[in-house]
Each structure stands twice: as structure tokens, then as C-alpha cells.
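Please read them with the coordinates open.

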Amino acid sequence: MPHNHDHAHLDPDAGDRRVGIAIWANGILTVAQIAGGIFAGSLALVADALHNFSDMASLVIAFGARKIARRPADARMTFGYGRIEIVAALINYTTLIVIGLYLIYEGGMRIIDPPEVKGWWVVWLGGVALVVDTATALLTYSMQKGSVNIRALFIHNLSDALASVAVIVGGVLILLYDIRWVDPAITILIAVYILYLAFTEIGGTIRTLMLGSPPDIVTDEVLDAIAAIDSVADVHHAHFWQMEEHAAALDTHVVIDVARWGDLEEIKRTIKSELKDVFGINHSTLEFERSDQAHEDAKRYGHG
């Protein structure tokens, strides 16, 4: 199965500037929404503010992660620092889940006893939030295509923009019909949407941190392709993982026919070329065994 690793790349300094602008915008918006939400008595505004605050924290984490990820490998971190962006994404998605669960609880309590809400404050602050969230999403849109870290931020901001639309609609309904329960109801809808996004995306991040095989590579096809190469008798003890988000790796044992043992270097070049050109696996560690000295009953995957 051919595997393409082409991604849109943005100059690192330009990307950092975009993230920096987004941090300041979300920070100012968070303060304004919390103050306005308390004054207007709107839980939906406070919910949107908390979501924006989590975005700001996520942006700070992502900004630091981007800087750290560009460090070269050293004696302490021989694989480099690229996986820090995966850790940052996990923190961001976990934060979203905690916030979503809290907002559902608070929204449920307010549906039981809806407070008075100042509709105009909700509409105006919701409108400001919509502008900031949309602008931040646009800043990170081109960057998120090649980074799970930035994708987590983009999803944060996109969900914020949609949440702000819901807040505005709720404010209008309060103004027109004095329907107070609509504010906590919209809060719960925002929270459910937040949870849906977080649970949808967090699985891939956990898989990478757990050293799971790359999701876009069919591992059996890779091993079958190696086994089909002339003079390869067997392939076993295979480990597939992602060194970074877009860097697939393979560690495996390859059994070579005794008669071709003298051509080992040529066979190795053929295997590595197949892995790189066909499957996009640029990092491979191959251990070779003679067919007359190979492990018996070895498992195809792992060393169990």
C-alpha cells in the first residue's frame, strides 16, 4: 500500500507568530467573557469563556511544544524531541473532556432553577467571541494539516466558534421570549459537542504514545512485501511504531537463505528501498538470521 508523507509546511517562525497572536486574542477574550458572563448571569457565556481559557492554555502548551520539538536528538533523548507535540495534544484533549463534563453538570443544575439572564450582554459578547474564535481558527488552519498538536488547537477554536453561534442564538431567544432555560440548555449542547470532538480525536494520540503501529500502514502488507523479496525466507519479531507524528518506523528480524548469505548487503538495500519507496517507512532496523540458524516458531509480531 503506497504511503504519502507530503504535508503543507509553514515557516517555523511564521507559525510561532500565528500561535502567539492567537494566545493573546484568546486571553483577552477569556477575561471579557468571564466578567460579562458573571454580570449577565449567563452560564453559556462562562462556558464559552472556560473553553476559550482552555484554548489559551492549549496554545501556550502547543507554543512550547513546537519550540521543544525542533531540538536535535542528543544523548538523553536519542529519538529527538518531536513526540512532545503528541504529549501536548493529549493534554489538550484531556482538558476538553474535563471541561465538557463540568459544564454538563452546571448546565443541569441551572435547568432545574434557571436564573435571570441579560440577553443583550450575551449577544454582544457572543458576537465578539465568534469573531476572535473564527480568526484564531483561520490562523491555525494551514498549520493543522501536518501536526496533531496544532490540529488539537484548530479543533478547539472551531468548536469555540460554533459554540459562540449557539450563545448568540440563546441570547436572542432570551431577548425575544424570555426563555431562561435556553441558556443552560445551550451550555449542555456545547459541552456534548466538546466531548464528541475530544473523544473522536484523542484515540489516535493515545495510540501514538502507546507505540501503536501507524494507522495508515497495513502492517501485514509490509511484512508480506519483505517476505516476497528474493532470498528472504521469513520475517518475524516485527515492531511498527511512529517515532513522531509523520515518521513511521519498523524493527524486525529477516531470515535469509543460507545460499545467499554472502549477498546480505544487497538484500538489505533492496528491503530498505522497498520500505521507503512503497510504504513511506524511512526508519528501519533490520536484524538478519541465516535460515539454518533462525528462531523456531517465532511470532510475526513482538518478542513474546
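1. I begin with a pair in helix 8. Glu265 is partly exposed, its relative accessible area being 45%, where partly exposed denotes the range between buried (under 20% relative accessible area) and exposed (over 50%), computed with a 1.4 Å probe and protein chains only. Because Glu265 and Lys268 are three residues apart in helix 8, about one helical turn separates them.

2. Some remarks on provenance belong here. The model is predicted, and local features need pLDDT of at least 70, side-chain atom pairs count only at pLDDT 80 or more, while totals for chains, interfaces and linings use all residues. Residues are numbered from 1 along each chain as its sequence is written, and side-chain values use heavy atoms, with hydrogens and water left out.

3. As to the overall layout, the protein chain has eight helices and three strands, these being DSSP runs numbered from the N terminus (helices H or I, at least four residues; strands E, at least two). Read from the N terminus, the order of elements is α-α-α-α-α-α-α-β-β-α-β. The protein chain has 304 residues, of which 45% count as buried.

4. Which way do strand 2 and strand 3 run relative to each other, parallel or antiparallel? Strand 2 (residues 247–256) and strand 3 (residues 283–290) are parallel and are joined by eight bridges, pairing being assigned if DSSP finds at least two bridges between two strands. Between strand 2 and strand 3 the chain passes through helix 8 (residues 264–279), and this β-α-β crossover is right-handed, in the sense that, with the strands pointing away from the viewer, the path from the first strand over the helix to the second runs clockwise. Within strand 3, Glu287 stands opposite His253, and Leu286 stands opposite Thr252.

5. On the other pairing, strand 1 (residues 232–244) and strand 2 are antiparallel over nine bridges, and the bridge partner of His239 is Asp251 in strand 2. Eight of the ten residues of strand 2 are buried, so strand 2 is largely enclosed by the rest of the structure.

6. The largest nonpolar core has 25 residues, and those with the most contacts inside it are Tyr93, Leu103, Val167 and Ile190; such a core is a set of buried Ala, Val, Leu, Ile, Met, Phe, Trp, Tyr and Cys residues joined through side-chain atoms within 4.5 Å. Two or more residues of this core come from each of helix 2 (43–69), helix 3 (84–112), helix 4, helix 5 and helix 6 (182–209), with helix 6 giving the most, nine residues. Another core, of 22 residues, lies apart from it and has Ile226, Ala238, Phe279 and Phe288 among its members.

7. Leu197 is found in helix 6, and at 13% relative accessibility Leu197 counts as buried. Although Leu197 and Ile97 are 100 residues apart along the chain, their C-alpha atoms are separated by 9.1 Å.

8. A nonpolar patch on the surface is formed by Trp120, Trp124, Val172, Leu175, Leu176 and Tyr177, which together have about 720 Å² of accessible area. Patches are made of residues with over 30% relative accessible area and no salt bridge, with like charges joined within 9 Å and nonpolar side chains (Val, Leu, Ile, Met, Phe, Trp, Tyr) within 5 Å; the areas come from the Shrake-Rupley method with a 1.4 Å probe, and for residues only the protein chains shown count as cover. Helix 4 (119–144) and helix 5 (148–177) each supply at least two residues of the patch, and the largest share, four residues, comes from helix 5. Trp124 lies in helix 4 and is exposed, with a relative accessible area of 62%.

9. Returning to charged pairs, a search of the whole structure finds six salt bridges. One of them joins Arg300 to Asp220, with the closest N and O atoms 3.2 Å apart. This pair links distant parts of the chain, since Arg300 is in the segment after strand 3 and Asp220 is in helix 7 (residues 219–227), 80 residues apart. Arg300 is partly exposed at 29% relative accessibility, as is Asp220 at 36%. Asp220, Asp224 and Arg300 are linked in a network of salt bridges.

Note on methods:
A salt bridge is a side-chain nitrogen of Lys or Arg within 4 Å of a carboxyl oxygen of Asp or Glu.
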